[in-house]
Amino acid sequence: MRSVGLTAVLLLSVSSAHAATLTIRAQGVQPDRSMVYAGICDTSFDEATCPYKDRGRATSGTVELRIRNVKPGSYAIAVFHDVNGNGKLDRSFIGLPNEPYGFSNDVGRRGPPNFEAARIVVTEPATTVVIPIR
């Protein structure tokens, strides 16, 4: 019985040892009372494929989001400033974003974002990514 408890403790310590803290610095944020949202995606920019998400209060300049316990690996990050506070990225009638947004590696400025070009590598113990939003 004692070995089962010890095994469980060892397994828990091993799983938490393979985790990183991902810091996202969204730059160019305008101050208001709304939020900045981030999705950390592993296979596409579809929200369902984003195992990690975070949000923070929009303040002037840079908003820093810190996501803990991220499994090391390759991800692409999407960030947007929800200016009107409705919890989603608003789009024009032709599908273009109406609110400030950005992607890792600053992709998607001249067309749809390329997921593979936006990939970054998250490593232990910590990774920081700067994303300009416009």
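These legends describe close-up views of one predicted protein model.

Residues are numbered from 1 along each chain as its sequence is written, and side-chain values use heavy atoms, without hydrogens or water. Because the model is predicted, local features need pLDDT of at least 70 and side-chain atom pairs count only at pLDDT 80 or more, while totals for chains, interfaces and linings use all residues.

View 1. Helices (H or I, at least four residues) and strands (E, at least two) are DSSP runs, numbered from the N terminus. Along the sequence the pattern reads α-β-β-β-β-β-β-α-β-β. The chain holds 134 residues, and buried ones make up 36% of them. Buried means under 20% relative accessible area, exposed means over 50%, and partly exposed lies in between (1.4 Å probe, protein chains only).

**View 2. Three strands form an open sheet in the order 4-1-8.** The pairing in this sheet is mixed. Strand 4 (61-70) and strand 8 (126-132) are the edge strands, and each pairs on one side only. From one strand to the next, the twist averages 15°. Angles run from 0 to 180 degrees between N-to-C directions, with axes fitted to C-alpha atoms. Two strands pair if DSSP finds at least two bridges between them. Strands of a sheet pair through backbone hydrogen bonds, either parallel or antiparallel. Strand 1 (residues 20-29) and strand 4 are antiparallel, with 8 bridges. Look for Ala20: its bridge partner in strand 4 is Val70.

**View 3. Strand 7 (residues 119-122) has side chains that alternate.** Ile120 and Val122 point to one face and are buried. Strand 5 and strand 7 run antiparallel, joined by 4 bridges. Gly73 has Val122 as its bridge partner in strand 7.

**View 4. The largest pocket has a volume of about 690 Å³.** A pocket is an open set of points on a 1 Å grid over the protein atoms alone, with protein on both sides within 12 Å along at least five of seven lines. Lining residues have an atom within 4 Å of a point. The volume is the space filled by probe spheres set on the points. Of the 27 lining residues, Phe45, Ala78, Phe80, Leu89 and Arg91 are the closest to the centre. Strand 2 (35-41), strand 3 (52-57), strand 5 (73-82) and strand 6 (101-103) each give two or more residues to the lining. Strand 2 gives the largest share, 4 residues. The lining divides into 15 nonpolar, 6 polar and 6 charged residues. Here Ala, Val, Leu, Ile, Met, Phe, Trp, Tyr, Cys and Pro count as nonpolar, Asp, Glu, Lys and Arg as charged, and the others, Gly among them, as polar.

**View 5. Phe45, Tyr101, Phe103 and Phe115 form one aromatic cluster.** Rings of Phe, Tyr and Trp (its six-membered ring) pair if their centres lie within 6.5 Å; planes under 30 degrees apart count as stacked, over 60 as edge-to-face, and the rest as tilted. The count comes to 5 aromatic pairs. Phe45 and Phe103 make a tilted pair, 4.9 Å centre to centre with 55° between the planes. Phe45 lies in the loop between strand 2 and strand 3 and Phe103 in strand 6, so this pair ties together parts 58 residues apart in sequence. Phe45 counts as partly exposed, at 25% relative accessibility, whereas Phe103 is buried, at 11%.

**View 6. Phe45 and Phe115 form an edge-to-face pair.** Their rings lie 5.1 Å apart, centre to centre, with 75° between the planes. Phe115 sits in helix 2 (residues 115-118) and Phe45 in the loop between strand 2 and strand 3, so the pair ties together parts 70 residues apart in sequence. Phe115 counts as buried, at 10% relative accessibility.

Note on methods: 1 Å grid on protein atoms, 1.4 Å probe; cavity = no way out; pocket = protein on both sides within 12 Å on 5 of 7 lines; lining within 4 Å.
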